[in-house]
Amino acid sequence: LHENLLCTADFCFTNLLSGMYLYFYSEGHIGLERKVTKLEALVKMLQEDLKKIKRLWEDNQRLQEESQTSAAKLKKFTEWVFNTIDMN
């Protein structure tokens with residue numbers, strides 16, 4: 001998942017740069033203050049998205065650890081059941 005998030009982030013960043021280029025060169029005579037306001041809003045949105053991605057990555061790590069722990073417990077239980085059956 002971590003690699004997928006990086007690929008997604010790279011893709012989004014590339015699209016962002018393309019969009020910014022088009023924005024600055026196609027809008028013409030929009031005032032600098034208006035452009036700065038829009039960019040500040042865009043930065044805030046990207047920061048929020050980055051926080052969400054970080055939370056998803058952390059949740060994924062936690063779930064992977066829980067899955068490994070559960071798999072180990074299930075394996076031990078299965079071995080115990082088969083060993084108990086073999087003894088009878």
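The exercises below work through a predicted model, each with a solution in steps.

Residues are numbered from 1 along each chain as its sequence is written. Because the model is predicted, local features need pLDDT of at least 70 and side-chain atom pairs count only at pLDDT 80 or more, while totals for chains, interfaces and linings use all residues, and side-chain values use heavy atoms, with hydrogens and water left out.

**Exercise 1. Describe the overall make-up of the protein: how many helices and strands are there, and what percentage of the residues count as buried?**

Step 1. The protein has two helices and zero strands, where helices (H or I, at least four residues) and strands (E, at least two) are DSSP runs numbered from the N terminus.

Step 2. Of its 88 residues, 7% count as buried, a class that means under 20% relative accessible area, with exposed meaning over 50% and partly exposed lying in between (1.4 Å probe, protein chains only).

Step 3. The accessible surface of the protein is about 8000 Å², and 62% of that belongs to carbon and sulfur atoms; such areas come from the Shrake-Rupley method with a 1.4 Å probe, and for residues only the protein chains shown count as cover.

**Exercise 2. Work through the salt bridges: how many does the structure hold, and which residues are joined into one network?**

Step 1. The structure holds three salt bridges, each being a side-chain nitrogen of Lys or Arg within 4 Å of a carboxyl oxygen of Asp or Glu.

Step 2. E58 pairs with K54, their closest N and O atoms lying 3.9 Å apart, and because these residues are four apart in helix 2, about one helical turn separates E58 from K54. E58 is partly exposed at 39% relative accessible area, whereas K54 is exposed at 54%.

Step 3. R62 meets D59 in a salt bridge of 4.0 Å, N to O, the two residues being three apart in helix 2, about one turn of the helix. Both count as partly exposed, R62 at 39% relative accessibility and D59 at 36%.

Step 4. R62 also forms a salt bridge with E66, the closest N and O atoms being 3.1 Å apart, and E66 is partly exposed, with a relative accessible area of 40%. Through shared partners, these salt bridges join D59, R62 and E66 into one network.

**Exercise 3. Locate the nonpolar surface patch: which residues make it, and where is L74 placed?**

Step 1. L74, F77 and W80 make a nonpolar surface patch of about 390 Å². Patches are made of residues with over 30% relative accessible area and no salt bridge, like charges being joined within 9 Å and nonpolar side chains (Val, Leu, Ile, Met, Phe, Trp, Tyr) within 5 Å.

Step 2. L74 lies in helix 2, which covers residues 32–87, and L74 counts as exposed because its relative accessibility is 55%.
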